[in-house]
Amino acid sequence: MRNKVILIVCFLTVVLTGCKLESNPSDSITTGSIAKTADGLTNAVNGAYALFKDHLSFNGIQNDNLMYLRNFYHLSDFASDDVVCAQVTTDELFLSFSLDHSPAQTNTRYFWYISYKIINTANTVIEQGEKSGDQSALTKQLIGECYFLRAFCHFNLVRLFAKPYSIDPNAPGIILRTSSTESPQKARATVSEVYASVTQDAIKGASLMNQARGVQYGSKEAAEALLSRVALYQGAYQDAINYSNQVINSGRFSEATSATYLSLFSNAVSNSETIFCIAFTALDDYGKFGSIASQYYSNGNSGWGEEFASKPLRDLYAQNPNDIRANYIVPLKDESGNIQLKNGIPTYYITKFSFQGGSPTLSSPILFRLSEMYLNRAEAEANLNQTVAALNDIDVIRKNRGLSNALYNGTVPANSTLLQTVLLERRLELAFEGHRAYDVYRNKQSMNRTYWGYHLPGLKESDINLNVDPANYAGMIIPYTSTKIIYYLPVDEILSNKLATQNP
């Protein structure tokens with residue numbers, strides 16, 4: 001055991017502090033070649049984007065389940081009430097359903113590792129680019145993209161591994177890494193300090209990015225979209241409105257219409273609504289083994305078919321049969337038209353990560369899009385009691401989702417509040433895109449998981465009665481005060497960094 005601990009410590013020391021990028025599978029660029037090679041900065045930055053979708057060997061093991069985006073979505077959405085698990089599985093993604101977290105689980109360890117690898121690449125590019133003295137528009141753009149990527153990665157880490165800002169801004173956050181040469185021995189910054197760093201980096205990045213390299217790269221608007229999200233989570237509502245306005249009024253994006261919405265996610269790079277996505281090509285199609293889509297959908301052999309749309313979410317869509325957003329939920333039926341069951345759970349596949357180029361396992365996941373900006377602005381307006389403005393922003397989306405006959409027209413529905421109305425629209429519009437759990441807990445609400453699924457401890461198929469809701473199971477209601485709403489810091493960090501404290 002002692003030797004194993006020493007090996008882990010040595011491994012993490014190299015990973016977190018090494019300034020070389022030779023372990024990057026996409027570019028193999030060193031800090032020296034970044035400075036000396038004309039295309040060095042571009043190659044290094046493009047390599048950072050590749051790390052969001054690459055499957056890197058971790059602790060000497062190649063595992064198809066380990067990929068930044070795949071792990072992010074299941075760590076986020078599988079802990080929500082939008083996705084249901086149809087079986088007990090040894091895949092560690094199940095721990096997000098059961099909330100039975102461990103510092104040793106490989107998916108959080110890998111996500112932590114790959115996040116800091118992207119951050120370290122960004123740090124290296126920023127340092128080498130600024131040291132070069134090159135003031136060209138392209139160099140500024142590339143440095144700005146790295147400020148944006150560093151902010152984005154730090155923000156996702158603090159969302160997963162620390163309490164929401166609205167609950168305790170002084171709680172331990174994550175390790176801020178803003179230099180490629182700093183000591184691996186570093187204490188966790190507070191949540192507030194992480195938010196301040198993320199905001200500072202995103203503002204800096206926005207000021208430098210003035211070239212349009214495509215929505216698969218960082219941009220001024222992508223940084224402003226991140227700032228809109230961060231400000232909303234922070235409760236800085238006027239800032240959230242201002243940053244949303246900058247993106248909405250930029251003229252670069254327009255809402256997907258009823259005619260184009262159903263192809264939004266399979267054509268992310270070319271859709272008018274996309275602000276920032278990670279571009280996958282046919283060469284990046286991992287198929288059944290390691291794709292994001294294989295978690296949610298199967299055409300019979302393309303996926304595992306284990307995670308489905310939950311009953312509460314389906315019921316919400318059913319309230320408005322014309323809502324075209326429900327088309328991303330696809331029931332699996334037998335020859336008689338009956339919904340097929342998997343271990344007693346109705347099979348409702350999710351296709352937001354499928355059908356780019358016709359492939360059931362390929363998409364270019366969208367990390368920021370225009371609808372979120374309207375929703376961020378609406379939520380901020382709701383918190384500032386700007387009723388008409390908030391509902392108008394929601395109606396912009398609804399009229400493009402087949403709901404022109406179900407607009408709010410400035411009136412809050414009966415038996416609801418303005419904020420509840422906005423949060424409902426967020427749930428319907430942003431389902432399966434990694435938002436739901438954060439939206440619930442940062443608003444100091446409880447997660448209601450009172451529906452049949454194997455997140456219920458001890459559930460047996462013979463217990464399931466789809467005609468009634470489950471009862472007397474632990475963990476059906478998760479309060480925002482629960483320690484289970486965040487993950488443990490990985491054991492690797494705790495063992496190698498004596499200043500890092502663990503979550504309770």
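A residue is called buried here when its relative accessible area is under 20%, exposed when over 50%, and partly exposed in between (1.4 Å probe, protein chains only). The model is predicted, and local features need pLDDT of at least 70, side-chain atom pairs count only at pLDDT 80 or more, and totals for chains, interfaces and linings use all residues. Residues are numbered from 1 along each chain as its sequence is written, and side-chain values use heavy atoms, with hydrogens and water left out.

With a relative accessible area of 4%, Asp492 is buried. This residue sits in helix H16, residues 491-496 (helices are DSSP runs of H or I with at least four residues, strands are runs of E with at least two, and both are numbered from the N terminus). The side chain of Asp492 makes a polar contact with that of Arg109 at 2.6 Å; such a contact is a pair of N or O atoms within 3.5 Å, where within protein one must be able to donate a hydrogen and the other to accept it, and residues adjacent in sequence count only if both atoms are side-chain atoms.

The cysteines come next. The structure holds 0 disulfides, a disulfide being a pair of cysteine sulfur atoms within 2.5 Å. Cys153 is in none, and its nearest cysteine sulfur, in Cys146, is 10 Å away. Cys153 is also buried, at 0% relative accessible area. For Cys277, the closest cysteine sulfur is that of Cys153, 16 Å away and therefore too far for a bond. Cys277 likewise counts as buried, at 0% relative accessibility.
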